[in-house]
Amino acid sequence: MRIRTLAVGVLVGGLTLTTLTACGKEGTPSTPGAGDQSGSSAAALPSYPVASGVDLAGSPVFAKMKSAGALTVGAKDDQPGLGQKDPTTGKFGGFDIEIAKLVSAGLGFDPEKITFRTVDSGAREQTIANGDVNYYVGTYSITDKRKALVSFAGPYFVAGQDLLVRKDDSSITGKDTLKGKKVCSVTGSTPIQKIRSENLTEPGNIVEFQKYSQCVEKLLSKDVDAVTTDDAILKGYASQDPDNLKVVGQTFSTEKYGIGLNKDDKVLRDKVNEILQKALDDGTWQKIYDATLGKSGSAAKKPTLEKY
Amino acid sequence: MDVLFNNLDLFGPFFLRTIELFVLSAVGSLVLGTVLAMLRVSPVPVFRAVGTAYVTIARNTPLTLVFAFFVFAYPLLDIVKLDYFPAAVTALTVYTAAFICEVVRSGINTVPVGQAEAGRALGLTFGQILGQVVLPQALRSVVPPLISTLIALLKNTTIAAGFSVAEAGAIRSYLSERGENQLVGLLWVALGFIILVAVLSFVQRSLEKRWSVAR
């Protein structure tokens, strides 16, 4: 008897809760930053004509996509302007996401049917090698060491390491002014390894979290003084909160973003390079940039593809 | 082998950090856990309630949440400033102490009530009975579960990697950025932990031999 009353109580409580949250979801507008991206820029984003009759003989990954009839693409979900998941709609948006859609259309798959899968930095190589994603687009820098594990199409964007600071902080002007300042980035990321190995600040001042958003939170609460990573990522955060944050603007590295592909699939890599080259030539790339990262106000620098 | 030797600058200091983290929080949680166990068996109802509440809360909260509290929420309270390493030690201590408390308490329950009564008959205070009669015997009888809890603590230290403490748990992300083979890297990290746990098991065996209680 008591159990039944309890069960009914739980059920009623659960129902009320779900209705309540459902109402909340319907009524609440999405966050300002994300809303901007999906709202006003949606019109400006180019559409990608889906290619027909694409056939890549000798590409195992393409054969897999073909038989599945759909794509799984690896991406980041916490990088405004590049790869970000809207918490209310669950949709991905940003420069990287648009590149992923462009490639999908070029391969003959409707971009609407892509399933985006969030893959954190540390798991990228393994996810690609295991075939859990067909390709990966998420601020993935091309390096020689990584080339031994995966292969890259692109670069589709060239970024550089930079610093994000509080708007009212004029003491940090570049990498040589970091001594004595607390610098934050993602655990083990290339930028933080650079800060550590080049001794740009004291080891005790290096702060590492799992996500950039946690670093930005700490920056705003003044527990750290600078967040460092590629300028593209930082510009995304700065454009979300321009009253409190700014990017210093002195890049001190070159990061070429590539599309991560299965190491043994040269056929697919050549095809993706061809799609990217076409987008660079016919202005689609520029349109994508203007509708996403270009909103931060900085000019685009077209990359040169490396076909190896 | 290459993965290990090319990245000794990671494995060395990072494992050292793991050991520091472990030793400090092991000492902290052994002390705090024993105090909590004493609270839980004390004759004062308020003390017992405090001990029970602590254990219930700390043992039922996932460790990552405890970490997140000390790293993200606690600084907003503006009490004492905790850097990331001390924050990690605090989080691990607060969490592990609840488990140590229950292990010690189970040890206390193995000591026959008659001994406490005999102590009281001799005129010993509660503190004296606990400290000189009960606890020494209790600790001797719980060496294996105590060491198991410490082994769990050792492995739990890897969570600190997500909260700005560069220890063994962070090695994988570093290797990934350096483009090293992560699976091989993980094997080396696992081997490191096996060695550390082997040391603890050795301590357990020798303590068991030395302290075995004839009943």
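Me: Leaving aside neighbours within four places in sequence, which residues is A:Ile99 in contact with?

Reply: This is a predicted model, and in it A:Ile99 is in contact with A:Val137, A:Tyr156, A:Ile259, A:Leu276, A:Trp285 and A:Ile288. A:Ile99 itself is found in helix α4 of chain A, residues 95-106.

Me: Why is A:Ile99 called buried?

Reply: The term buried requires a relative accessible area under 20%. A:Ile99 has a value of 0%, and therefore it is buried. A:Ile275 is 176 residues away along the chain, yet the C-alpha atoms of A:Ile99 and A:Ile275 are separated by 10.0 Å.

Me: How many residues has the largest nonpolar core, and which have the most contacts inside it?

Reply: The largest nonpolar core has 133 residues. Those with the most contacts inside it are A:Phe95, A:Ile99, A:Leu107, A:Tyr135, A:Phe157 and A:Ile259. Helix α5 of chain B, residues 84-110, gives the largest share of this core, with 14 residues. A second, separate core has eight residues, among them A:Val133, A:Tyr140, A:Ile142 and A:Phe152.

Me: Which residues does A:Phe157 touch, not counting those up to four places away in sequence?

Reply: The residues touched by A:Phe157 include A:Phe95, A:Ala232, A:Trp285, A:Tyr289 and A:Pro303.

Me: What makes the buried residues of α3(A) line one face of the helix?

Reply: In this helix, residues 60-68 of chain A, the buried residues are A:Val61, A:Phe62 and A:Met65. Seen down the axis of α3(A), the buried residues fall within an arc of 100 degrees, so they line one face. The face turned away from the buried side carries the exposed residues A:Pro60 and A:Ser67. Among the elements that cover the buried residues of α3(A) are β6 (135-136) and α10 (266-282) of chain A.

Me: Why does B:Thr157 count as buried?

Reply: The cut-off is again under 20%. B:Thr157 has 0% relative accessibility and therefore counts as buried. B:Thr157 lies in the loop between α8 (143-156) and α9 (171-178) of chain B. Residues touched by B:Thr157 include B:Thr18, B:Leu21 and B:Leu92. Of the 215 residues in chain B, 43% are buried.

Me: How many helices and strands has chain B?

Reply: Chain B has 10 helices and zero strands.

Me: Why are A:Lys222 and B:Asp78 called exposed?

Reply: Exposed means over 50% relative accessible area. A:Lys222 has 55%, so it is exposed. B:Asp78 has 69%, so it too is exposed. A:Lys222 is in the loop between α8 (212-220) and β11 (226-230) of chain A, whereas B:Asp78 lies in the loop between α4 (63-73) and α5 of chain B.

Me: What makes the phi values of A:Lys222 and B:Asp78 worth a remark?

Reply: Most residues other than glycine have a negative phi. A:Lys222 is not a glycine, yet its phi is positive, about 65 degrees. For B:Asp78, also a residue other than glycine, phi is near 55 degrees.

Me: How do you know how confident the predictor is in chain A?

Reply: The confidence in each residue is given by pLDDT, from 0 to 100. The mean for chain A is 83, and 85% of its residues reach 70 or more. Over residues 15-43 of chain A, however, the pLDDT is below 50.

Notes. Residues are numbered from 1 along each chain as its sequence is written. Chains are lettered from A and ligands numbered from 1 in the order in which they are written. This is a predicted model: local features need pLDDT of at least 70, side-chain atom pairs count only at pLDDT 80 or more; totals for chains, interfaces and linings use all residues. Side-chain values use heavy atoms; hydrogens and water are left out. Buried means under 20% relative accessible area, exposed over 50%, partly exposed in between (1.4 Å probe, protein chains only). Helices (H or I, at least four residues) and strands (E, at least two) are DSSP runs, numbered from the N terminus. The arc is that of the directions from the helix axis to the C-beta atoms. Contact means heavy atoms within 4.5 Å. A nonpolar core is a set of buried Ala, Val, Leu, Ile, Met, Phe, Trp, Tyr and Cys residues joined through side-chain atoms within 4.5 Å.
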